[in-house]
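Please look over the sequence and the structure below.

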Amino acid sequence: MVMTIIITNIVIVSETTLMYVCVCHGVTDRDIREAAENGVSSVRQLGKELGVGTQCGRCASMARSILKETRSSDYLALANLLASPA
């Protein structure tokens, strides 16, 4: 089962769904979001931490988009809302 929530142009898919962003290093969108939540703020840092963009480079633009989305204030506010107890 996949649950999708759409709020002001942001789509969040439940934790059961993942997308491989970097096949060369087996990095998923969840890995990139977690890295962003832990302070990673550039694709260069993602490369150092996870290997993203260091092999063939095809993942760099998607990784940058996910990183930008995760670091946005809308995403952070929504993530905090969903993490708070009901």
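**Cysteines, fold and salt bridges**

The count of disulfides comes to zero, a disulfide being a pair of cysteine sulfur atoms within 2.5 Å. The model is predicted, so local features need pLDDT of at least 70 and side-chain atom pairs count only at pLDDT 80 or more, while totals for chains, interfaces and linings use all residues. Residues are numbered from 1 along each chain as its sequence is written, and side-chain values use heavy atoms, with hydrogens and water left out.

Cys59 is buried, with a relative accessible area of 5%, whereas Cys56 is partly exposed at 48%. Here buried means under 20% relative accessible area, exposed over 50%, and partly exposed in between (1.4 Å probe, protein chains only).

The protein chain has four helices and four strands, in the order β-β-β-β-α-α-α-α along the sequence. Helices (H or I, at least four residues) and strands (E, at least two) are DSSP runs, numbered from the N terminus. Of the 86 residues in the chain, 30% are buried.

Two salt bridges are present in the structure. A salt bridge is a side-chain nitrogen of Lys or Arg within 4 Å of a carboxyl oxygen of Asp or Glu. One joins Arg33 to Asp29, with the closest N and O atoms 2.9 Å apart. These residues are four apart in helix α1 (residues 29-37), so about one helical turn separates them. Arg33 also forms a salt bridge with Glu69, at 2.8 Å from N to O. Glu69 lies in helix α3 and Arg33 in helix α1, so this pair ties together parts that are 36 residues apart in sequence. Arg33 is buried at 17% and Asp29 is buried at 13%, while Glu69 is partly exposed at 30%.

Thr70 is also in helix α3, which spans residues 60-71. Thr70 is buried, at 1% relative accessibility. A polar atom of its side chain lies 2.8 Å from the backbone oxygen of Ile66. Beyond its neighbours within four places in sequence, Thr70 is in contact (heavy atoms within 4.5 Å) with Arg33, Ala36, Glu37, Tyr75 and Leu76.

Methods: A polar contact is a pair of N or O atoms within 3.5 Å; within protein, one must be able to donate a hydrogen and the other to accept it, and residues adjacent in sequence count only if both atoms are side-chain atoms.
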